[in-house]
Amino acid sequence: MRGALYWFNQSRVLFNMLEFCPKISEELEKPDFREYMIETAWDYYEVAHHGVSNKGYIQASLSCLAIEIILKSFNSEVSGNEGKINENYKPNKHIKSLGGKKSHDLIELLNLVDSKYVEYLFNERDIQTLEKNRNFFVSTRYGYEKDVPSVFYDSISKLAAATICKMVYLYKKMGSDDPFINNFDVNEVYFNNVQKVFLYSEQTI
């Protein structure tokens with residue numbers, strides 16, 4: 001039993017040594033901070049994956065919504081409570097120009113984001129995942145409808161978690177003083193929700 005406890009403690013030490021460090025280009029400028037939007041995106045992700053229901057269409061829909069909010073954060077304007085932790089925002093003219101369902105289309109929203117931020121947030125496979133799920137929130141959020149698929153994959157959920165982690169990491173590096181941003185443990189979230197790490201031992205307890 002003592003050996004098992006030692007292994008457990010050593011495993012936690014190794015896990016704590018893992019560090020999520022996405023590369024930030026020197027050309028990447030400080031974005032307009034929209035911390036409450038990032039927090040809201042995280043809230044939706046949390047509800048999707050740690051709520052009472054674990055139905056696939058709910059997890060995927062809210063994961064898409066989380067990514068949508070993050071993409072919109074690059075094209076939003078402060079509309080109230082300026083400088084407060086519950087700052088309010090509204091879409092700017094670029095998002096408004098999309099109109100209707102296109103304002104939920106992940107690829108349409110992605111095309112409005114500066115290419116430098118896109119390159120930081122997403123690789124080619126990520127873009128393919130966005131393309132595949134570009135209209136998921138609009139077309140599949142109602143689980144009772146006929147065309148809602150019965151099988152769901154976790155790629156969009158992992159992408160949502162990774163994107164949130166990258167945004168929080170970027171905000172921290174760029175000097176955000178928001179409590180949510182600075183108390184958010186990107187290592188714990190990333191290695192538990194995106195690139196899961198399993199530590200095991202052949203020892204018997």
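Me: Angles over 145 degrees between N-to-C directions count as roughly antiparallel; in this predicted model, why are H9 and H11 called roughly antiparallel?

Reply: Helix H9 (residues 155–173) and helix H11 (residues 186–193) pack at an angle of about 165°, with their axes 10 Å apart, and because angles over 145 degrees count as roughly antiparallel, the two helices are described in that way. H9 passes H11 in a left-handed crossing.

Me: What makes up the contact of H9 with H11?

Reply: From H9 come Lys158, Ala161, Ala162, Cys165, Val168 and Tyr169, which meet Val186, Val189, Tyr190 and Asn193 in H11; these residues divide into 8 nonpolar, 1 polar and 1 charged.

Me: Why does the pair Asp154 and Lys158 count as a salt bridge?

Reply: The closest N and O atoms of Asp154 and Lys158 are 3.8 Å apart, and the cut-off is 4 Å, so the pair qualifies as a salt bridge. Asp154, at 45% relative accessibility, is partly exposed, and Lys158, at 33%, is likewise partly exposed.

Me: What links Asp105, Glu131 and Arg134?

Reply: They are joined in a network of salt bridges, in which Arg134 pairs with Asp105 at 3.0 Å between the closest N and O atoms and with Glu131 at 2.9 Å, N to O. Arg134 lies in the loop between helix H7 and helix H8 and Asp105 in the loop between helix H4 and helix H5, so their pair ties together parts that are 29 residues apart in sequence.

Me: Why is Asp105 called buried, and Arg134 partly exposed?

Reply: Buried means under 20% relative accessible area, so Asp105, at 6%, is buried, whereas Arg134, at 22%, is partly exposed.

Terms used. Residues are numbered from 1 along each chain as its sequence is written. This is a predicted model: local features need pLDDT of at least 70, side-chain atom pairs count only at pLDDT 80 or more; totals for chains, interfaces and linings use all residues. Side-chain values use heavy atoms; hydrogens and water are left out. Axes are lines fitted to C-alpha atoms, for helices over the stretch in contact, and angles run from 0 to 180 degrees between N-to-C directions. Helices (H or I, at least four residues) and strands (E, at least two) are DSSP runs, numbered from the N terminus. Angles under 35 degrees count as roughly parallel, over 145 as roughly antiparallel, 65 to 115 as roughly perpendicular and the rest as oblique. A crossing is left-handed if the near helix is turned anticlockwise from the far one by less than a right angle, and right-handed if clockwise. Contact means heavy atoms within 4.5 Å. Ala, Val, Leu, Ile, Met, Phe, Trp, Tyr, Cys and Pro count as nonpolar, Asp, Glu, Lys and Arg as charged, and the others, Gly among them, as polar. A salt bridge is a side-chain nitrogen of Lys or Arg within 4 Å of a carboxyl oxygen of Asp or Glu. Buried means under 20% relative accessible area, exposed over 50%, partly exposed in between (1.4 Å probe, protein chains only).
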